Amino acid sequence: MNSAQRVLVIGGTACGPKAAARIKRCKPDAEVTILEKSEILSFGACGMPYYVEGLFEDINTLTETPIGVRRTPQFFDKCKGVQVYTGTEATSIDRDNKQVFAREKNSEQEKAYHYDKLVLATGARAIRPPIPGVDLGRIWTMKESGDAESVAESISTQGLKRAVIIGAGLIGVEMAEALTSRGLEVTLVEMFDQILPQMLDKEMAMLGAKHLRQKGVNLKLGTKVTGFEGKDNVEAVKLEEESVSADMVLLSAGIKQNDELAREAGLECFEKGGIKINNFCQTSDPDIYAGGDCVFNDYLHPVLRSQLFVPLGSTANKHGRVIADNISGNRATNFPGVQCTSICKVFDYSFARTGLTETMAKQEGHEVETMIVSGADKPHYFPNHNPLNIKLIASKRDRTILGAQVVGPGVADKRIDVVASAMYFNASLDDLTNIDLSYAPPFSPPLDPITVAAFGLNNKMDGLAKGLPPLKAKEIMDSENDLVLLDVRTPEEFQAMRIPDSRVVNIPLGQLKQRIQEIPEDKPVLAFCKISMRGYEAQRILEAAGFDNVYFIEGGVVGWPLEIETGEPQS
């Protein structure tokens, strides 16, 4: 009698194959089977925008190992010891008898697969909003390999010239670059008034929006799609106040968890979608595990009481490992949750975030302080140094780090990963400043930008630095007519680029003490420079001279998300 443990996995994209392969490594005598309804296994869906862009030629590259071997059923059988049935869709779960019924493609007959432990890795599907005309041709989502192939082929063979993308989340902004690079005129529509609304605070998103516009992307923010027009294929997208011509449309309006199989089996699920799991990735049935996009992710940091859906391939693979360890009895492994760490590259900019945004932190009832710091990722004398804009969010109560965002053409992943690591260990701002980060000119300035940001936020909490985030400064500029905008850069810097406002007074920092009488003491003063290091110093100089209503604009001209004037000043 065969007593080997039978493990059945439903879903063959990320979590499922990871769990299956590790179970076999940890428990070689286990019988592990994967059922996958498509014909494709271990597909790296995050690479699809780069395929459409043309960075590699074969979509099957996204199913290959690092040495170029396709992850086929034969590969899993011979290399992993896992039996895989593709084109096989699970239709129901019989928990009492521990079996799953599944049907092969184009077949009406169902077959029963028995299990001792069951893994649900059913993923999620792209949302197609119920908008009039959504079923017209040339309206795609970007979730399956066939989506990317169809888009790329249609661009090449049908001469598509105008694309409209609905949704400015991660896929939306990445596809904006991909389609622009293919020569299409791209319009990006978002119902929120900013790009990446679930990832960034508005002032950081505005910096990214400026970059997208500079690259030719037409942004339509704060507007909704009301319909699609065309005969057979889409020809126009109707917005609330206008219509935009389109040869193709990409729907990037989010995804929905595939939890129907679990619900029908009586497993506990969240009302809004997603299978409920505990810290061991077990469902409400202890013999059934779940992971990847079909579940609802928890947040790691104890400051967040709400639950978030953060679908990422990295999380799905971690779920798979946790599931495998607990099924195989290797050791009891706990999944601690996620910190919402995410990053993307769009044209020359990186967008990165970890932890809470300022908006989320306030919604959770935290009293927060923030600091926006701009600076270069390498010393100014080193070739290819690039600017970064960093926003740090911390608790006023105990200075615990709550989150960070990084936007700009500089190296962002290193900085966001440092903060993510610090947050994992519940670090304070002081802890962040004391981490012994590597230094050499090819990699960073002597004080890394993330260290400078932490110092700056500490100074702000100590009352030394009286910084204003850019949008707060703009609010004051709009409401207070009689103020001084003190630009303490050199005349050459002022000539090259500046904030366009008639109230700007240019006094270089080195001349400020000698010319301090030119600044009226009875008016609010907002000082700034290129990145506002000199703006902060100007604030301290003026306060020492008796000024009591002086601030500096965080991020300076580099971090100013609104209009910037270049060239000779207008007379």
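Let's start with Thr88: does it count as buried or exposed?

A: Thr88 counts as buried, because its relative accessibility is 2%; buried means under 20% relative accessible area, exposed means over 50%, and partly exposed is what lies in between, using a 1.4 Å probe and protein chains only. Before going on, keep in mind that this is a predicted model, where local features need pLDDT of at least 70, side-chain atom pairs count only at pLDDT 80 or more, and totals for chains, interfaces and linings use all residues. Residues are numbered from 1 along each chain as its sequence is written, and side-chain values use heavy atoms, with hydrogens and water left out.

Thr88 sits in strand β4, which covers residues 88–94. Strands (E, at least two residues) and helices (H or I, at least four) are DSSP runs, numbered from the N terminus. Set aside residues up to four places away in sequence, and Thr88 touches Leu35, Glu36, Lys37, Ala102, Arg103, Glu104 and Tyr113, where contact means heavy atoms within 4.5 Å.

β4 runs antiparallel to strand β5 (residues 99–104), and six bridges join them; two strands pair if DSSP finds at least two bridges between them. Along this pairing, Ile93 has Val100 in β5 as its bridge partner, and Asp94 has Gln99. The two strands make a hairpin with four residues between them, and Lys98 in that turn has a positive phi of about 50°.

Tyr113 is buried, since its relative accessible area is 8%. The model has seven aromatic pairs: rings of Phe, Tyr and Trp (its six-membered ring) pair if their centres lie within 6.5 Å, with planes under 30 degrees apart counted as stacked, over 60 as edge-to-face and the rest as tilted. One of these joins Phe75 and Phe76, whose ring centres are 5.6 Å apart with planes at 85°, so this pair is edge-to-face. Phe75 is buried at 12% relative accessibility, and Phe76 is buried at 3%. Tyr113 pairs with Tyr85 in a tilted arrangement, 5.7 Å centre to centre and 55° between the planes. Tyr85 lies in strand β3 (residues 83–86) and Tyr113 in strand β6 (residues 110–114), so their pair ties together parts that are 28 residues apart in sequence. Tyr85, at 28% relative accessibility, counts as partly exposed.

Strand β3 takes us to another sheet. This one is open and has five strands in the order β3-β2-β1-β7-β18, with parallel pairing. β3 and β18 (288–290) stand at the edges with a single partner strand each, so one side of each has no neighbour in the sheet. From one strand to the next, the twist averages 15°. At the β18 end, strand β7 (residues 117–120) pairs with β18 in the parallel sense over three bridges, and Leu118 stands opposite Ile288 in β18. Helix α1 (residues 15–26) lies across β1 (6–10) and β2 (31–36), running at about 170° to β2.

Arg498 has its charged end over the ring of Phe494, 5.6 Å from the centre.

Definitions and conventions
A charge sits over a ring if NZ of Lys or CZ of Arg is within 6 Å of the ring centre and within 35 degrees of the ring normal. Axes are lines fitted to C-alpha atoms, for helices over the stretch in contact, and angles run from 0 to 180 degrees between N-to-C directions.
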